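Okay, everyone, thanks for coming. Let me put the structure up.

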Amino acid sequence: MSIQVGDRIPEVPLQRIRDGIETVDTNNLFDGRRIVLFAVPGAFTPTCSEKHLPGFVERFEDFRKRGIDVACMSVNDPFVMQAWGEAHAVPDGLMMLADGNGDFARALGLQLDASAYGMGTRAKRFALYAENGVVRELQVEAPGEFRVSSAEHMLGLLDSADAASS
């Protein structure tokens, strides 16, 4: 069973590199904020590197202007996530989060068996928007697809939600 709109984000530790390796508890990450988290099957893989991450880098300020934080997550180690962020000039504030053992992907029910490609268990390609730790939008890609988890699509959903609530 995967997480649904209206569900609370499960509590799982993630990692990132700032001044060394830092453990980030998802409760602390999501509580009291508006945040878009997008997940990719693997850093440095073609679609992730050519489309998914670059779209969020290009549109990062559009999210920030709306008061929304942005985080990228992958089942990779924090050193890979740091190197990938540096390779793509990820702006300060766009969090590069490592789910090294896939615990968060599993807790969300959004894991992907990529063993046939030599990649083991990974996260499905998805994006979610949460307010104060509760999922308000969830977009999970079909295998091989890249549409609904893009920065542009998420911004469109957020604009539609803002217009509907006005």
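So, disulfides: searching the whole structure turns up zero of them, where a disulfide is a pair of cysteine sulfur atoms within 2.5 Å. C48 is in none, and its nearest cysteine sulfur, in C72, sits 8.1 Å away. Seen from C72, the closest cysteine sulfur is the one in C48, and 8.1 Å is too far for a bond. C48 is buried, at a relative accessible area of 1%; buried here means under 20%, exposed is over 50%, and partly exposed is in between, with a 1.4 Å probe and protein chains only. C72 is buried too, at 0%.

A word on where this comes from: it's a predicted model, so local features need pLDDT of at least 70 and side-chain atom pairs 80 or more, while totals for chains, interfaces and linings use all residues. Residues are numbered from 1 along each chain as its sequence is written, and side-chain values use heavy atoms, leaving out hydrogens and water.

Now the rings. The whole structure has three aromatic pairs, meaning Phe, Tyr or Trp rings (six-membered ring for Trp) with centres within 6.5 Å; planes under 30 degrees apart are stacked, over 60 edge-to-face, the rest tilted. One of them is F38 with F56, stacked, 3.9 Å centre to centre and 5 degrees between the planes. F38 is in strand β3 (residues 34-40) and F56 in helix α2 (residues 46-58), so this pair ties together parts 18 residues apart in sequence. Those are DSSP runs numbered from the N terminus: helices H or I, at least four residues, strands E, at least two.

F56 also stacks with F63, at 5.6 Å and 20 degrees. F38 and F56 are both buried, and so is F63. Put together, F38, F56 and F63 make one aromatic cluster.
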